[in-house]
Amino acid sequence: MRRLGKTRRTVRTARKSGRVAAAACGAALAVLTALPAQAHTARPTAPHWDLKETGTTAVRFRGLAAVDRDTAWVAGTRGTVLRTSDGGRSWRNVSPPGAADLQFRDIEAFDARRAVVLAIGEGEASRVYRTEDGGTTWTESFRNTDAHAFYDCLTFFDRRHGLAMSDPVDGKFRILSTGDGGRSWKVLPNDGMPAALAGEAGFAASGQCLVASGAKDVWLATGGAAHARVLHSSDRGLTWSATESPIPAGDPARGVFALAFRDRTHGLAVGGDYRADQPSPRSAATTGDAGRTWRPSATPPSAYRSGVAWLPHSRSAALAVGPMGTDLTTDAGRTWRTLDTGSYDTVDCTPDLGCWAAGEQGRVARLEN
């Protein structure tokens with residue numbers, strides 16, 4: 001009975017914490033909703049991106065893993081990995097040794113000590129490293145040996161099970177799987193993978209071209225072909241179905257760049273054309289049926305967006321980021337409006353209301369009230 005009583009108290013405490021967090025999120029969302037466009041210039045005290053000094057302007061951070069409001073990891077060019085544990089006031093360079101020639105485009109962190117980082121590129125440039133001591137030491141757990149493979153993104157369902165994806169090899173996207181937290185990897189059979197379209201590929205722009213929700217559901221975003229598609233698997237990458245999205249493609253620079261799912265059915269897609277001199281109409285879409293169908297946003301972001309994240313404890317609010325700004329939706333992606341015009345490539349939010357963004361010239365920021 002003591003054990004049962006302790007369990008009940010634990011459940012009550014968890015529920016109370018959840019209600020407090022949800023209430024705090026509701027208050028923050030109410031403030032965000034009331035903001036005018038580009039509120040960071042009109043009202044400096046309103047919620048805004050607060051830039052954190054990372055000590056570098058020579059690195060572009062497209063990989064971001066937010067653990068909480070205090071702890072975050074970023075990964076980028078020149079084989080660079082940084083970690084903060086004090087809300088961005090200071091950063092520790094925890095880059096893997098000998099990785100200066102690599103481009104890290106995705107990082108997934110389980111906590112302040114354990115993380116997995118992906119380097120992209122053709123052949124052996126695609127690698128996976130893992131740390132269990134906050135980046136003091138790293139172990140290379142995968143090196144691609146297929147000259148035709150090019151890995152773009154990775155994601156985890158939990159602390160043990162994860163996937164990484166490569167652009168098509170022999171006409172199909174290739175999926176890499178781990179069941180031990182990234183210590184070892186194996187290529188999954190491609191029998192359940194639909195054929196890729198001519199010119200179809202993923203975009204290693206924000207670490208969000210492959211995302212998971214729950215224990216088994218995962219989605220893969222594509223572009224470059226005649227149509228931009230979203231592929232969905234409900235069995236951890238063994239079998240997939242493909243659906244066309246309304247985000248324009250038809251060019252190697254266009255398509256779906258990032259996905260975010262707040263549960264296994266409700267998702268957001270953002271993208272466009274990453275070239276600065278090209279327009280990006282219909283740059284966002286939504287789904288309410290696990291990606292079987294997608295609808296274009298009635299008022300999409302005004303420019304290409306490479307990253308997207310749901311605000312914690314909200315069923316309707318999300319942020320989308322790109323080199324030309326940040327947009328906010330408060331109606332689950334149907335309409336978007338500009339919140340900030342700074343340049344960011346990726347965004348991630350945590351249950352304790354910590355939202356982080358990262359991008360070019362060493363830029364990392366946290367959303368502040």
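A disulfide here is a pair of cysteine sulfur atoms within 2.5 Å. What we have is a predicted model, so local features need pLDDT of at least 70 and side-chain atom pairs count only at pLDDT 80 or more, while totals for chains, interfaces and linings use all residues. Residues are numbered from 1 along each chain as its sequence is written, and side-chain values use heavy atoms, with hydrogens and water left out.

**Disulfides**

By that cut-off, the count is two disulfides. With the bonded cysteines numbered in sequence order, they pair up as 1-2, 3-4.

Take Cys153 and Cys209, whose sulfurs sit 2.0 Å apart in a disulfide. Cys153 lies in strand β10 (residues 150–156) and Cys209 in the loop between β13 (186–187) and β14 (210–213), so this pair ties together parts that are 56 residues apart in sequence. Strands here are DSSP runs of E with at least two residues, numbered from the N terminus. The torsion about the S-S bond of Cys153 and Cys209 is about 120 degrees, so that disulfide is right-handed. Cys153 and Cys209 are both buried, where buried means under 20% relative accessible area, exposed over 50%, and partly exposed in between (1.4 Å probe, protein chains only).

The other bond joins Cys349 to Cys355, with an S to S distance of 2.1 Å. Here the torsion about the S-S bond is about 110 degrees, so the disulfide of Cys349 and Cys355 is right-handed. Cys349 and Cys355 are both buried.

**The largest pocket**

Cys349 turns up again here: along with Glu108, Ala212, Phe261 and Asp348, Cys349 is among the residues nearest the centre of the largest pocket, which has 39 lining residues. A pocket, on a 1 Å grid over the protein atoms alone, is an open set of points where a 1.4 Å probe fits, with protein on both sides within 12 Å along at least five of seven lines; lining residues have an atom within 4 Å of a point. The space in the largest pocket comes to about 1,000 Å³, taking volume as the space filled by probe spheres set on the grid points, which are joined across faces, edges and corners.

**Salt bridges**

The structure has 21 salt bridges, each being a side-chain nitrogen of Lys or Arg within 4 Å of a carboxyl oxygen of Asp or Glu. Here are some of them.

| Salt bridge | N to O distance |
|---|---|
| Lys52 and Asp50 | 2.9 Å |
| Glu368 and Lys52 | 3.4 Å |
| Arg69 and Glu368 | 3.3 Å |

Arg69 lies in the loop between β2 and β3 (72–76) and Glu368 in strand β28, so their pair ties together parts that are 299 residues apart in sequence. Shared partners join Asp50, Lys52, Arg69, Arg366 and Glu368 into one network of salt bridges. As for accessibility, Lys52 counts as buried at 13% and Glu368 as buried at 14%, whereas Asp50 is partly exposed at 28% and Arg69 is partly exposed at 24%.

Notes: Helices (H or I, at least four residues) and strands (E, at least two) are DSSP runs, numbered from the N terminus.
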